[in-house]
Structures are given as C-alpha cells and as structure tokens.
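User: Could you walk me through how to read some features of a protein model? I would like the general idea and then the case at hand.

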Amino acid sequence: IENDPSNFGNHPMSQLIQSMFSQHNSARFEVFCYTLSASDGSLSRLKMERDAEHVVDISGLHACEAAELIHNDGIHVLVNLNGYTKGAKNEIFALRPAPIQVALLGHLGSMGADYIDYIVADNIVIPPELTDFYSEKMMYLPHCFAPADHKNSAAHLLDGGDHVTGISAMPNSAPTRAHYGISEDKFVFCNFGQLYKIDPLIFDVWMNLLKRVKNSVLWLLRFPAAGEVNILREARKRGVRESQIVFSDVAPREEHIRRGVLADLFLDTTASNAHTTACDILWSGTPLVTMKGEKMTSRVAASLLRSVGLEEDLVVKSYAEYEELCVSLAEDSDRLFQLRTTLEARRKSCALFDSQRWVRNWETVLHMAWRRQESRLPPDHLQVEDKEPVFRDADGSIFDNNNDTNDVTQVEDTEEDLHDIHDASTTSVSNANSRGSSSNYRYN
C-alpha cells in the first residue's frame, strides 16, 4: 500500500517512485496502490494509474473497512509511505491487514509501533550501531535506501529541450541567473528546501560563509513566503547585508531542477537534510555539502552522495569542517568545476539514479522477508548485496564500496533460495492470517 493522500500526485514522493510500478517483475509481483484521495490529474498520478495493476481509492472508507478490503485482496506486504505525516491513516496498519508491514521513505525515523515489522534503510542512514533505537527490523538496501527516478522522468532536462514550464519569459530555453535577479559574477550558495529546516547553528555557518567568501550570495526559496522577513532579520543580526540573500518563488519541478545548475554550491541543512531536493540538485550537476548527524533524517544526503561516489569529497562531521570545506570550494574554482563535471559524468550510470536497479534490490529484500514469513520465522534484519559498482566512469574506472560490512545480524538468501521462492509463487501459500493467498506475490 502506498499510503499518503498526496504521495500519489504532485508531490516529491511521487517524483521519486513514479517508475517503480512499471519496473517490477510482473511475473513475480502484483502491485496494488490504495489511494487516500481522488486523482489530482498530475503526471505522476496518471503514470501510477497507468502502470500499477490495481489502483483502489479507499478515501471514503473507514479504517476497518479499508483494512478488511486489503486483507481480502490477499496482500502479502503492506508498505507505508506516510508514517506520522500529514494525511496518515496508520490505524489501517494497526489493524494488521497484511502479514508483513514495512515503512518506506515518508517518515524518516522509527514508527515505534509493533504493527510495523521493517523499515527500509541503508547502512549510512541507519548504521548498525543505532538499530537498537528502532522498533523495526532493518531492510538494508545497497547504495541508498531511496529510489530516484530522475533518469526516467528528468533526462530531458539535461539536453536543452523545450520541456521547461513556468518560465514564460524564456520559452524553450534554459533559465539564466538574470531571470532570478542574480549577477553572473556572484558566487552563488543555495538551498532550495523548506525554510523550517534552517536552524540557528547552520544559519550561523551560512552567514559566516557570506562574510568570508568575496562577492557571494545565498539563494533561498520563499518556502513559505512568510519566512523571508524572518530570515533577513536574522541575517542583519549577524552582520550580513540583505542584498546578499536572494529569494525566489517555488517553481514547477522542471524549472526547479534546471535552475539548480545556476548555483555554484548547494548548502545542506543539518538537522533535517534535503531529500528529494538533494536528488534534484545532484541531477542538475551542482555539488552539495552536507554534515552527517545521528538521526536518519540528518544522514540522507550522505547516503545520496555515497551513491554517486562523492561521500569522501562532500560529507563532513562538524560545523567547523562544513564551513571550511565550503570556503575552500568557493576559493578553488578548478576543484569545484571538477566536482561538477564528475557529477555530470556519473549521473546516468551511478546507483543513485538507477531506479530499475533499486527496484531489483527492493524485490530481493521483499522475497527475503516473505521467505521468513513462509517459514514462520519472526522478522529479522535483512541485507541485500549488490555486486555491481556504484558507478562506472567514462575511463572505465569503478567505485564499489556499496556493501560495507555491517555488524548487525544479517539474514541473507542465496540465489538458489530466490529461485525457490519464484518457483513457489505458482502455489497457494498460507499467510499469518491463516487464509489462502493468490498464486503470485503482491504488495501494495
């Protein structure tokens, strides 16, 4: 179940997962999408409705009715994309309509609920030594826990095509700094996330950067617009001129991604990292600096950078290191240019933007969980291994540190085991609710 009234629509979640449904092995998986709202007519929603075998609107049902419907559909694995976010209906999950229930993406932290068996992670966002703080068992994916669909949905934004919307003054052309009131001679730091993610500690660092880096500006979004006056007031308190902070409006996705290339360096927030926005900025080719914290939500960008092979270059451990790295990059145009060209060269081959590869690994861990269920074993930590390198550069070099050894207890299936699971999919099995299941594996 993809459980968010906004996730199946014009929403960052949809932008990450929208090709997932067409990339599943239909001989082994039957996909159900239970929606909590009517279609908004967005491209992401229409694609989901086209690609998934079953799309069921349960927005008008009571939680008990929805749970009964899901149970009667014979769902094996129920995936919660919402967690404790707006529009959640976790009471459906509390009724246990499926034998295996998994948290993915929407809530980056433990649900702390006995009705969620697994959380999808990688060994960056949830290191093995921190698993005791989660009520769920880990579904460890290689590379990155999150899919990113940019190679399918945003490839046209790299070729100078005419798909940009929302820049009426420049039809069929790439955006320019002038369009946003930014001079070409400025060094542009940027952050295109919601303003609530900016806390005083990281804001102090950003203001120090504006004072230390000559002719620099910070480019932010009016996200929300009410935050602009507060940001400017706090900047003045720290001795930074208002003219050094540039605000733009939130834009349609295609403009949002294409204008990312106009910035020189993306400054990540540390308490809660950029997530979909970080994928967008990396796809545009602009380097991103982040600091790895302890919480899952403060380690996402490090995972993304690991999946393009730039963790060692752009991930730091302290605010002091963060500031010094940003100043160093701003003052070393050759090094910064090399990072940009590296991103541009890798974005079409790296693990981060290979959604089909992500789906393959996702299917593997689902099979591993289901095999335990069939054997009447309780959930346990699972880890998928991927023998492919993180990326392949044009010169043939590869980067393959995607399977760092975890100290956490791991349950792994061999290739022979997975073939056994596939063979078993032609038979009827009994699930935890003691009812006959259909002849193939389903998740919703």
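Analyst: We will go through the core, a helix, the aromatic rings and the cysteines. This is a predicted model, where local features need pLDDT of at least 70, side-chain atom pairs count only at pLDDT 80 or more, and totals for chains, interfaces and linings use all residues. Residues are numbered from 1 along each chain as its sequence is written, and side-chain values use heavy atoms, with hydrogens and water left out.

User: Which residues have the most contacts inside the largest nonpolar core?

Analyst: A nonpolar core is a set of buried Ala, Val, Leu, Ile, Met, Phe, Trp, Tyr and Cys residues joined through side-chain atoms within 4.5 Å; buried means under 20% relative accessible area, exposed over 50%, and partly exposed in between (1.4 Å probe, protein chains only). Here the largest core has 132 residues, and M139, F145, F189, W206, W219, Y322 and W362 have the most contacts inside it. Helix α15 (residues 355-374) gives the most to this core, with eight residues. Helices (H or I, at least four residues) and strands (E, at least two) are DSSP runs, numbered from the N terminus.

User: What does Y322 touch?

Analyst: Contact means heavy atoms within 4.5 Å. Leaving out residues up to four places away in sequence, the partners of Y322 include I202, W206, L267, D268 and V316. V316 belongs to strand β12 (residues 315-316) and is buried, at a relative accessible area of 6%. Y322 is also one of the buried residues of α13, as are E323 and L325.

User: How do I read an aromatic pair?

Analyst: A pair of aromatic rings is described by the distance of the centres and the angle of the planes. Rings of Phe, Tyr and Trp (its six-membered ring) pair if their centres lie within 6.5 Å; planes under 30 degrees apart are stacked, over 60 edge-to-face, and the rest tilted. There are six such pairs in this structure. F192 and W219 are edge-to-face, 5.0 Å centre to centre with 85° between the planes. F192 lies in the loop between β7 (187-190) and α7 (200-212) and W219 in strand β8 (residues 216-221), so this pair ties together parts 27 residues apart in sequence.

User: How many disulfides are found?

Analyst: A disulfide is a covalent bond between the sulfur atoms of two cysteines. With the cut-off for a pair of cysteine sulfur atoms set within 2.5 Å, the search of the whole structure finds zero. For C144, the nearest cysteine sulfur, that of C279, is 6.7 Å away. C144 counts as buried because its relative accessibility is 3%, whereas C64 counts as partly exposed at 45%.
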